[in-house]
Amino acid sequence: MRLFVNVLLSGVAQGMVFAAIALGLVLISRATGVINFAQGAMAMFTTFLAYTLLEHGIGYWPAFVATLAIGFVFGGLVERTLMRPLQGKSPLNAVIVTIGLLVVLEGLAGSIWGNTSRGFPAAFSQQGLAIGTTRVAFSTFDVFTVGAVVVLVAAIVALFRWTNLGLRMRAGAFAPEVARLLGVRVGRLFTLGWALACAAGSLAGLLVAPVSSFSPYYMDLYLIYGFVAAVLGGLVSPVGALVGGLVTGLATAFVGGYLGSNLEPMAALVLLLIVLMARPQGLFGTAIARRV
Amino acid sequence: MLQVDGLSVRYGPVQALRGVSFTAEDGVITTVLGANGAGKTTLLRTLSGLVRTHEGTATFDGEPLIGKDPETIARMGIAHVPEGRGVIAELTVDEHLRLGTLSRVPRSERRTAIEDVYGLFPPLESRRHRHAATLSGGERQMLVIARALVSRPRLLLLDEPSLGLAPIVTAQTMATIRQLTSREGIGAVLVEQNARSALSVADWAVVLNLGQVVLADRPERLTADADLRHHYLGF
């Protein structure tokens with residue numbers, strides 16, 4: 001029973017991190033039809049910048065906010081400089097550029113900060129909370145993780161659903177040509193989509209770094225989990241990303257907890273396989289053909 | 001006033017438009033007729049900036065259109081109503097209309113503008129919270145026209161608005177466009193394959209054949225000339 005509760009709780013915390021990465025993938029994919037393979041590497045890079053800020057004595061919260069802002073600007077810059085010239089060409093070109101960016105960023109981070117793993121501070125205590133006399137595998141930091149991701153997803157959903165900007169973003173994502181005929185400056189919205197996605201990625205990076213071995217490659221595996229979560233959620237919906245993240249987190253936690261932690265990545269891929277066979281459009285996707 | 005002069009468009013080896021020139025006055029309906037492949041849709045897509053060209057000019061109230069982005073042209077008040085699938089399936093009827101108001105209608109007048117358009121198209125009002133994906137073909141066509149009208153356009157570019165509409169709805173739609181142009185003084189370029197209904201509402205007719213203007217005249221002259229009708233319009 002105690003194992004079950006612990007596995008369940010750590011699955012939820014894990015799942016929220018996957019959801020944040022999935023959200024980044026979804027924001028870019030629904031706007032531009034591109035899967036950003038550099039999503040994890042960009043988050044890694046901004047988290048290393050946060051690490052440098054912290055090393056220079058900047059407080060945790062100022063560094064936290066600065067990192068999200070850096071991620072936002074970084075994402076926008078990548079769209080403007082690397083992705084924009086590829087517009088109108090095969091989506092494969094853009095996908096290959098993101099893979100190139102992944103390799104460049106990991107190499108660059110390795111040469112600046114070194115390839116060894118190191119510790120990264122957490123915003124709150126990582127000690128398990130005490131319930132009565134027993135401690136569960138769920139810390140104050142995990143509470144923060146869950147809260148931060150839920151707030152992020154809620155903010156994105158609210159943006160899309162209730163604001164004119166969100167309406168423009170949805171129109172630009174679903175029908176760019178029609179949106180342009182209505183005066184929507186779709187190019188700017190693509191930039192904004194990338195910026196938001198990379199800010200979400202930066203959040204994920206800051207949440208993952210304390211609980212994994214922080215090195216230039218620490219996000220690689222998480223990108224795969226995040227991808228599984230995004231596909232599970234249908235690749236178009238922020239709520240889908242959240243649910244997909246939760247399902248992926250729980251599945252990997254249960255497989256890890258009961259069958260051995262080295263099976264976790266395989267569990268995620270098997271889950272992906274099952275979903276793609278049973279419901280190729282994902283849990284929240286519609287039956288409309290998608291450009292992936 | 002829209003003035004098109006010597007407009008040519010090439011898709012690779014295919015010459016879609018060859019030196020097209022015509023004028024569309026404010027407050028009247030100018031219909032552009034021609035068989036499938038005559039270049040009608042290309043003409044509209046070029047005017048709204050979706051198709052790029054370097055040959056020829058097009059100006060609206062003296063302001064050049066060629067070389068501008070579609071979104072800039074839309075913000076000038078040129079509303080292109082694309083043929084057929086111009087609705088966004090994932091958005092509701094009301095969201096389409098809200099989207100239509102964002103570029104040119106002041107914030108405080110948006111809701112009124114939307115309600116006014118519902119008055120013109122009652123079937124849309126009863127479906128305001130439905131997703132466009134659930135609408136019938138006729139309702140979708142109504143929606144794209146309503147979305148253009150709500151944007152307070154100065155010029156309408158209508159691509160086959162009667163496509164897929166029941167004859168009675170076509171007649172209503174044409175009457176609405178007719179009313180709007182004469183009352184508000186906005187111009188309309190009406191591209192149609194259904195020449196008979198277009199000629200009945202238009203004030204001026206331009207006939208395209210293989211990308212060239214072969215005739216520009218008053219609609220009743222075209223209707224009266226049986227040879228012309230048989231040759232270019234097929235009725």
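The legends below describe close-up views of a predicted model. Local features are described where pLDDT is at least 70 and side-chain atom pairs count only at pLDDT 80 or more, whereas totals for chains, interfaces and linings use all residues. Residues are numbered from 1 along each chain as its sequence is written, and chains are lettered from A and ligands numbered from 1 in the order in which they are written.

**View 1. Contact between chain B and chain A.** Here 20 residues of chain B are in contact with 16 residues of chain A, two residues being in contact if their C-beta atoms, placed from the backbone, lie within 7 Å. On the side of chain B that touches chain A, the elements giving two or more residues are α2 (70–75) and α3 (93–101) of chain B, where helices (H or I, at least four residues) and strands (E, at least two) are DSSP runs numbered from the N terminus.

View 2. Leaving aside residues up to four places away in sequence, A:A19 touches A:V149, A:V153, A:A229, A:A241, A:L242, A:G245 and A:L246.

**View 3. Packing of helices α1 and α5 of chain A.** Helix α1 (residues 2–32) and helix α5 (residues 140–162) of chain A pack at an angle of about 35 degrees, with their axes 9 Å apart; axes are lines fitted to C-alpha atoms, for helices over the stretch in contact, and angles run from 0 to 180 degrees between N-to-C directions. Among the residues that meet are A:V12, A:M16 and A:A20 in α1(A) and A:D142, A:V146 and A:I156 in α5(A).

**View 4. The loop residue B:G77.** B:G77 is found in the loop between α2 and β6 (78–81) of chain B. This residue is partly exposed, with 18 other C-beta atoms within 10 Å; a residue is buried at 20 or more such atoms, exposed at 12 or fewer, and partly exposed in between. Not counting residues up to four places away in sequence, B:G77 touches B:R104, B:P153, B:R154 and B:L155.

**View 5. The open sheet of chain B.** In chain B, 6 strands form an open sheet in the order β6-β7-β8-β3-β9-β10, with mixed pairing, where two strands pair if DSSP finds at least two bridges between them. Because β6 and β10 (212–217) of chain B each have a single partner strand, they stand at the edges, and one side of each is left without a neighbour in the sheet. β6(B) and strand β7 (residues 155–159) of chain B pair in the parallel sense over 4 bridges.
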